[in-house]
Amino acid sequence: MLRLSKRSVSSLLRSGDRSFRVAAAAAGTSIHRSSPSTTDSKRGDVESRWYSSLTNGKCRRSESLAHLNMKTNWFMGYRNESSAAASDSSSQAPPPPPVEKYEYQAEVSRLMDLIVNSLYSNKEVFLRELISNASDALDKLRYLSVTDPELSKDAADLDIRIYADKENGVITLTDSGIGMTRQELVDCLGTIAQSGTAKFLTALKDNKDAGGDNNLIGQFGVGFYSAFLVADRVTVSTKSPKSDKQYVWEGEEGSSSYTIKEETDPQLIIPRGTRITLHLKPDYKGFADPERVQKLVKNYSQFVSFPIYTWQEKGYTKEVEVDDDPAESKQDNQDDQAEGKKKTKKVVERYWDWELTNETQPIWLRNSKEVTTEEYNEFYRKTFNEYLDPLASSHFTTEGEVEFRSILYVPPVSPMGKDDVVNQKTKNIRLYVKRVFISDDFDGELFPRYLSFIKGVVDSHDLPLNVSREILQESRIVRIMKKRLVKKAFDMILGISLSENREDYEKFWDNFGKHLKLGCIEDRENHKRLAPLLRFFSSQSENDMISLDEYVENMKAEQKAIYYVASDSITSAKNAPFLEKLLEKELEVLYLVEPIDEVAIQSLKSYKDKDFIDISKEDLDLGDKNEEKEAAAKKEFGQTCDWIKKRLGDKVASVQISSRLSSSPCVLVSGKFGWSANMERLMKAQSAGDTTSLEFMKGRRVFEINPDHSIIKNINAAYKSNPNDEDAMKAIDLMYDAALVSSGFTPENPAELGGKIYEMMDTALSGKWSSPEAQPQQHTHNAELLEAEVVEPVEVDGKK
């Protein structure tokens with residue numbers, strides 16, 4: 001390749017009807033490139049040459065820079081420079097061979113429509129497909145050259161070059177690969193869905209002695225036709241080392257035929273390989289912008305194993321002399337002359353040159369022992385446009401029935417917000433097939449949605465794709481890949497949780513804790529991996545979250561279950577009446593204070609053979625039953641319970657003696673299979689006010705009373721003395737409403753509850769703080785009573 005130096009180049013390359021000039025500053029000479037319409041007489045003094053980048057930048061030493069063709073003309077298809085002698089010889093040359101016309105071996109109109117409108121969801125993938133085909137051609141040449149070195153003698157460099165002519169809307173892609181013969185053109189481009197790569201792999205598979213890495217990309221047969229996504233005419237000029245002739249294939253969108261002819265123009269002859277020229281449709285001429293081409297290469301083909309060069313505008317800074325106005329800078333000039341200096345300024349000189357666009361060695365193909373943490377972090381920030389380092393990374397290779405390489409990361413923060421746990425369209429996983437980028441838009445194929453925050457790259461060798469090389473096919477291989485990726489993700493998260501720096505996992509949990517809880521609900525197969533990662537507050541750890549392993553380690557010897565209570569806050573949870581007896585016994589209770597917590601725990605059911613028990617539900621067994629005491633309490637309060645049930649009616653399913661209360665008189669608990677108070681509140685909030693469908697889901701409520709409390713003893717006495725007492729009935733109603741609120745349920749009629757409370761307050765406080773003047777008769781009566789009850793002291797054994 002000839003690179004024009006900074007000192008010798010003063011102008012940029014222009015294509016189409018524009019001209020370019022390359023100035024050699026040292027020699028003082030220049031080269032002019034004319035458009036194809038320029039006549040030969042204007043260029044008659046310039047000797048005809050073609051110059052190819054495949055010649056590795058070599059040229060005749062006798063030729064000056066002024067007499068060299070630009071290295072672009074061999075693949076651009078322009079007859080840039082010719083001599084008078086060349087013009088004379090061409091005029092006397094025999095007529096070119098006739099153009100042969102062929103019909104496609106398929107209903108091309110229907111298939112073209114399918115390719116353009118259905119197979120490819122994104123128009124810009126056309127460049128990826130063409131680069132992939134070029135990479136295959138280079139791979140084939142490299143493989144065959146091992147046994148036949150003569151195949152690669154004409155041009156040693158194996159590379160891909162892309163030239164974009166923005167003004168004319170033309171993109172030219174050239175590779176120095178194996179090329180095609182006339183028959184191969186007919187077989188590969190004349191038949192839709194006919195893959196030369198697939199044939200090559202089949203031949204290798206049939207040959208048992210063949211070895212090497214058959215890492216060829218294009219096995220789907222329609223990659224070339226993706227060019228018609230953006231082009232209305234495509235020209236393919238190809239030269240195979242197996243043939244001494246070069247052929248040109250040309251096809252148009254919507255046509256049922258194509259043409260093949262022999263290339264006779266010496267200016268367009270290439271030593272080996274294929275040159276594809278796309279004449280873009282008017283709506284897609286924006287793809288011919290050199291910067292956009294470079295961006296597409298970096299996005300889709302950054303890690304292709306062969307170098308990809310794009311034609312880019314560059315610049316360098318140099319100093320030039322400046323002629324100032326004498327009237328304005330007379331004094332400055334005198335100073336400069338005195339110092340022997342001339343005034344200069346810095347200018348940017350623009351020129352065009354080839355620029356290496358891709359990285360040929362992706363980081364995931366390197367040995368993980370040779371990659372430093374800084375390199376992993378840099379790759380993460382660069383690939384996903386992040387500014388913070390990841391919390392953890394995992395670089396691994398999977399071999400066997402499924403082969404792929406991957407690097408996964410746990411991000412430090414959630415970019416979509418802490419509450420976004422259902423966003424599956426994150427573009428966090430970049431899928432490559434044989435180092436060619438396929439897609440980053442997945443819907444649960446590689447990771448379940450609760451792990452959608454995991455970022456990384458996956459490079460597969462045998463992943464099944466459809467013909468557009470874009471859409472994953474559901475298969476056993478995909479399921480195996482997903483299973484192994486999920487396992488590695490859990491290993492990373494577990495590593496963070498076991499880190500000596502507790503703050504790392506606290507940071508992770510703060511951002512992604514809800515995701516793991518969602519996993520408990522959706523992914524039963526991974527419960528054993530998810531459960532150790534969960535964190536909760538508890539009655540013995542209100543400030544720092546604990547794991548289930550820590551809870552089990554702190555359990556008492558006689559404790560048989562893991563207790564929890566669900567509420568809307570830690571304050572509400574720790575003041576709930578359900579905890580009274582458990583706190584007395586120093587039994588730890590988990591506080592589930594987030595809406596998703598209760599459903600997640602219920603989905604787990606147990607952990608390390610310890611069942612999860614909701615202490616707000618009936619039949620709570622704390623392992624300390626005293627049958628004699630229970631029998632005595634039932635005998636004493638059994639009829640009172642029936643009396644209270646009769647008063648409350650359908651509000652409760654039953655009234656029972658409680659074993660969980662110590663300081664509260666009563667509590668309202670949920671049925672064993674019904675919703676808890678917390679769940680009922682959440683479901684009402686999600687039903688948009690329509691509670692009719694929730695009535696049968698609320699389940700039964702059980703009213704439990706504390707037989708040791710003074711209020712219950714008074715209620716029991718009221719029943720025995722006067723079951724029909726109106727004040728006793730009101731006391732039962734108020735006691736139920738108070739239990740409803742303290743247990744976390746929502747009163748159906750808050751105003752009625754307020755009225756009962758005010759009435760009871762009025763009765764209890766009536767006259768308590770009234771002044772003596774306000775009630776004179778009452779004080780007189782009391783005085784009289786006190787005076788009448790005065791008793792004189794008597795002497796007993798000589799003492800008063």
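Predicted model: local features only at pLDDT ≥ 70, side-chain atom pairs only at ≥ 80, totals over all residues.
Student: How many aromatic pairs does a search of the whole structure find?

Tutor: The search finds 25 aromatic pairs.

Student: What makes Trp-643 and Tyr-719 a pair, and why is the pair called tilted?

Tutor: Ring centres must lie within 6.5 Å, and these two are 5.4 Å apart. Planes under 30 degrees apart count as stacked and over 60 as edge-to-face; the planes of Trp-643 and Tyr-719 stand at 40°, so the pair is tilted.

Student: What parts does the pair tie together?

Tutor: Trp-643 is in helix α17 (residues 627-648) and Tyr-719 is in helix α19 (residues 710-721), so the pair ties together parts 76 residues apart in sequence.

Student: How do you know whether Trp-643 is buried or exposed?

Tutor: Buried means under 20% relative accessible area. Trp-643 has 8% relative accessibility, so Trp-643 counts as buried.

Student: What makes Arg-161 a charge over the face of Tyr-309?

Tutor: For Arg, CZ has to be within 6 Å of the ring centre and within 35 degrees of the ring normal. Arg-161 is at 4.2 Å from the ring centre of Tyr-309 and lies over its face.

Student: Why is strand β25 called mostly covered?

Tutor: Five of the five residues in β25 (residues 701-705) are buried. Arg-701, Phe-703 and Ile-705 point one way, while Val-702 and Glu-704 point the other way.

Student: How do you know that β24 and β25 pair?

Tutor: Pairing needs at least two bridges. Strand β24 (residues 666-670) has five bridges with β25, in the antiparallel sense.

Conventions. Residues numbered from 1 in each chain as written. Heavy atoms only, no water. Phe/Tyr/Trp six-rings, centres within 6.5 Å; stacked < 30°, edge-to-face > 60°. Helix = DSSP H or I, 4+ residues; strand = E, 2+ residues; numbered from the N terminus. Buried < 20%, exposed > 50% of the residue type's maximum accessible area, 1.4 Å probe, protein only.
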